[in-house]
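Work through the exercises below with the structure open. Each task is followed by a solution in steps.

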Amino acid sequence: MKLYYLQGACSLASLISLIEVGAKFEPVAVDRKTRKVPDGRDYNAVNPKGYVPALELDDGEILTENTAVLPYIADLKPSANLAPPAGTLARFRLQEWLGYLNSELHKNFSTLFNPSAPEAMKQIAKDNIARRVAFIEDKLGDRPFLTGENFSVADAYLYVILSWREKLGVDISKFPKVTALYERVRARPSVQSARKAEGLDG
């Protein structure tokens with residue numbers, strides 16, 4: 001397998017998850033400016049959508065979108081408990097979280113990365129982020145992770161999204177449960193290994 005990634009982008013969640021399951025894979029960096037991969041190809045030839053992650057399977061199939069890639073990785077090694085068994089209500093709850101993170105939290109952070117977005121639009125995005133994180137704070141209850149006692153691919157995704165917050169001026173300090181979850185995930189060896197592999201600060 002090959003994982004196509006951009007440094008520090010949401011593809012970091014896939015890298016963390018691949019390390020968690022002990023998968024054999026080749027990380028392939030996409031150049032942020034040229035959008036080319038090391039062999040000289042345009043990344044759009046790999047994923048016409050133009051963004052990461054893209055997971056190239058051993059048979060050459062390309063899988064994209066966090067909501068598909070992350071469960072696929074989890075199912076590579078069910079004993080790692082990165083996702084509940086397929087077909088169970090718990091699995092659908094995981095899918096529910098992945099959909100929420102992708103469409104409600106990640107989407108609003110994306111606005112903050114856009115240099116041409118007006119300040120008013122960015123403030124709306126920050127207000128939306130605060131509401132979305134407040135929802136997560138409320139739903140966590142006494143659970144250490146989004147789906148319960150076990151770290152899952154959804155926690156990896158949430159961690160990566162929240163790792164952008166300081167750069168983008170997003171404050172989550174009034175959400176202690178979410179902050180604690182973030183730090184809990186950040187301390188995992190897989191996260192530290194993934195950050196090191198991408199050349200990110202600890």
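**Exercise 1.** How does the lining of the second largest pocket divide by class into nonpolar, polar and charged residues?

Solution. The model is predicted.
- Step 1: sort the lining residues of the second largest pocket by class, which gives eight nonpolar residues.
- Step 2: the other classes in this lining are five polar and five charged residues.

**Exercise 2.** Which helices each supply at least two residues of the lining of the second largest pocket, and where does the largest share come from?

Solution.
- Step 1: at least two lining residues come from each of α3 and α4 (119-140).
- Step 2: α3 gives the largest share, five residues.

**Exercise 3.** What volume does the second largest pocket have, and which residues are the closest to its centre?

Solution.
- Step 1: the space in the second largest pocket is about 310 Å³.
- Step 2: 18 residues line this pocket, and the closest to its centre are Ala 90, Arg 93, Trp 97, Leu 146 and Thr 147.

**Exercise 4.** Describe the largest pocket in the same terms.

Solution.
- Step 1: its volume is about 930 Å³.
- Step 2: the lining has 33 residues, with Gly 8, Ala 9, Cys 10, Phe 113 and Trp 164 the closest to the centre of the largest pocket.
- Step 3: α3 (89-113), α5 (153-162), α6 (165-168) and α7 (176-186) each contribute at least two residues to this lining.
- Step 4: the largest share of the lining of the largest pocket is again from α3, with four residues.
- Step 5: by class, this lining holds 13 nonpolar, 10 polar and 10 charged residues.

Definitions and conventions
Residues are numbered from 1 along each chain as its sequence is written. This is a predicted model: local features need pLDDT of at least 70, side-chain atom pairs count only at pLDDT 80 or more; totals for chains, interfaces and linings use all residues. Side-chain values use heavy atoms; hydrogens and water are left out. On a 1 Å grid over the protein atoms alone, a cavity is a set of points where a 1.4 Å probe fits but cannot get out, and a pocket is an open set with protein on both sides within 12 Å along at least five of seven lines; lining residues have an atom within 4 Å of a point. Grid points are joined across faces, edges and corners, and a volume is the space filled by probe spheres set on the points. Ala, Val, Leu, Ile, Met, Phe, Trp, Tyr, Cys and Pro count as nonpolar, Asp, Glu, Lys and Arg as charged, and the others, Gly among them, as polar.
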